[in-house]
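Please read them alongside the sequence and the coordinates.

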Amino acid sequence: MQRIIDHPVLGPLPEVKMVRIIVDGESLMAREGEMIAAALIATGKKYFRKTVKTHEPRGIYCGIGRCTDCVMTVNGIPNVRTCVTPVEEGMVIETQMGYGVWKQEQ
Amino acid sequence: MAGSYDVIVIGGGIIGLSCGYYLTKQGKRVAVIEAGGFADGASGACDDMILFQSKKPGINLELAFESLELYKSLVGELDDSLGFANYGGMVLIQNQQELEVMEEFVTQQQSYGLDVKILDRKEMLRKQPFLSDRFIASTYSPMDSQAYPFAVMHKLSGKGRKLGMQVIHKSPVTGIEKDGNGDYRVSTGQNLTYTAPVVVNATGAWAGKVAALAGAYVPMEPRRGQIIITEKVPAVGETNLWTAKYLVSKLKSGFEIDSTEEEKRLGLGFAFTRTEGDSYLIGSTRESVGYDKRTTMEGIRAIINQAVSIVPVLKDVNFIRAIAGLRPATPDGKMILGEHAGMKGFYTAAGHEGDGISLAPITGKLLADMVCGTTDARLGELSPNRFAKDAKEVS
């Protein structure tokens with residue numbers, strides 16, 4: 001757990017509703033309204049994707065939706081910027097390899 | 001006086017550079033004079049297709065085959081991949097009427113040696129699983145290819161320069177006249193004058209204006225084509241895509257296709273190609289708006305709506321850029337390539353509309369052969385003199 005519970009300036013973290021998200025098949029809890037990237041960092045996840053050519057791990061970089069370093073596959077959609085996308089109940093989040101793949105619609 | 005050459009090529013787009021390169025290879029001293037900078041015109045704002053399936057059997061298709069072979073040899077000659085790829089292409093068919101026209105067209109193309117066939121819905125979906133339900137069949141040709149225009153131009157220019165070709169930028173041509181020796185004097189906006197016995201007008205949509213400076217007639221209309229570029233995304237299916245709708249309306253005059261007013265005004269057609277950089281180029285409009293090459297919200301929105309309706313997964317993809325270029329259109333849809341009657345040494349190589357990338361190498365090679373004295377009987381139908389009658393009516 002890497003969440004700041006008591007911030008020296010912002011004070012203690014208020015209670016909010018928790019939602020369940022599924023990250024690479026594992027069921028985890030996140031604070032409603034927080035961004036996917038924040039929820040994943042709080043759980044200690046080390047990287048969000050691996051790069052296309054050299055397969056290096058990448059995580060959050062700019063944190064404001066510009067650099068696209070933190071993209072993951074969310075609910076089957078590749079290249080979702082996790083730093084600006086809020087978590088939702090039941091969201092399926094996957095570590096993305098390269099550009100990911102489109103989910104085949106049946 | 002800025003210099004004298006064997007040949008002055010006006011226009012430094014993909015056609016001008018190809019002409020310059022092949023002329024230089026044949027030992028000519030060549031200057032390529034460009035009004036703007038590198039890839040400033042349509043060659044820098046287009047898609048990347050070497051497309052066979054859109055071409056009517058005849059000279060365009062024949063030359064496209066030869067151009068493909070030249071591209072393959074240029075990859076070695078210019079020592080670069082040139083973004084050359086061969087994903088193949090499919091033309092999507094949405095109803096029985098379109099299917100009948102396309103079946104007939106495919107049969108004609110096959111008789112011309114094009115490897116192309118009709119796929120039924122199941123075969124189509126195997127290659128393109130993310131299509132909208134409304135398509136009943138498609139064509140497929142493994143020959144449709146592509147090349148990255150910027151790489152092609154960069155390398156033609158680079159290799160050409162190594163062989164002695166000069167490429168002069170920021171030099172709009174303001175006058176073309178004959179001097180006492182029968183050479184052409186080409187003056188530019190910088191008050192410089194270049195002379196050569198041969199001038200090649202390779203100025204695309206501006207070819208009519210440049211020809212007029214020399215007193216020659218070239219009927220050329222700019223058609224604005226807008227294209228959007230997506231972020232890098234995983235591949236959507238195996239091939240590049242087009243729809244039959246636009247092709248069918250071109251093939252069968254009077255064929256009523258169901259288009260909205262906006263689609264007609266924009267000349268909207270669907271073209272979807274994967275780039276070397278793993279993004280997609282999605283087009284395109286075909287608009288008559290003079291020399292205005294701005295992108296428009298209307299055009300971009302129409303391209304996006306059309307693309308999402310054909311490939312629904314694109315609704316979750318961002319587009320990162322839009323471009324527009326002026327495609328040079330001739331009255332009969334064929335390029336203009338040849339020497340003007342009564343104007344020894346004045347050639348035009350322009351008017352490829354949407355085929356500039358496909359046909360650039362063969363255009364340059366044929367032009368260079370012509371200038372060096374080899375004539376190809378097939379090229380009569382591309383001669384600028386086919387419009388001589390119209391020229392008289394204009395004057």
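1. Confidence. Chain B has an average pLDDT of 94, and 97% of its residues score at least 70; pLDDT is the predictor's confidence in each residue, from 0 to 100. For the complex, the predictor gives an ipTM of 0.77 and a pTM of 0.90.

2. Conventions. The model is predicted: local features need pLDDT of at least 70, side-chain atom pairs count only at pLDDT 80 or more, and totals for chains, interfaces and linings use all residues. Residues are numbered from 1 along each chain as its sequence is written, while chains are lettered from A and ligands numbered from 1 in the order in which they are written.

3. Domains of chain B. Domain 1 covers 3-45 + 149-219 + 332-394 and domain 2 covers 89-142 + 221-329, with bounds that come from an automatic or database domain assignment. Taken over C-alpha atoms, the centres of domain 1 and domain 2 of chain B are separated by 31 Å.

4. Contact between the domains. In chain B, eleven residues of domain 1 are in contact with nine residues of domain 2 (contact: C-beta atoms, placed from the backbone, within 7 Å). The domain 1 side divides into five nonpolar, five polar and one charged. Here Ala, Val, Leu, Ile, Met, Phe, Trp, Tyr, Cys and Pro count as nonpolar, Asp, Glu, Lys and Arg as charged, and the others, Gly among them, as polar.

5. Contact between the chains. Chain B contributes ten residues and chain A eight residues. On the chain B side there are six nonpolar, no polar and four charged residues.

6. Core. The largest nonpolar core has 114 residues, and those touching the most other members are V7(B), I8(B), I10(B), C19(B), L92(B), V199(B) and V200(B). Such a core is a set of buried Ala, Val, Leu, Ile, Met, Phe, Trp, Tyr and Cys residues joined through C-beta atoms within 7 Å; buried means 20 or more other C-beta atoms within 10 Å, exposed 12 or fewer, and partly exposed in between, with C-beta atoms placed from the backbone. Domain 1 and domain 2 of chain B each supply at least three residues to this core. Leaving aside neighbours within four places in sequence, V7(B) has contacts that include L23(B), V30(B), V200(B) and V371(B).

7. R121(B). Where does R121(B) lie? R121(B) is in helix α4 (residues 121-127) of chain B; helices are DSSP runs (H or I, at least four residues), numbered from the N terminus. R121(B) counts as partly exposed because 14 other C-beta atoms lie within 10 Å. Not counting residues up to four places away in sequence, R121(B) touches I136(B) and A137(B).

Technical notes: Two residues are in contact if their C-beta atoms, placed from the backbone, lie within 7 Å. Helices (H or I, at least four residues) and strands (E, at least two) are DSSP runs, numbered from the N terminus.
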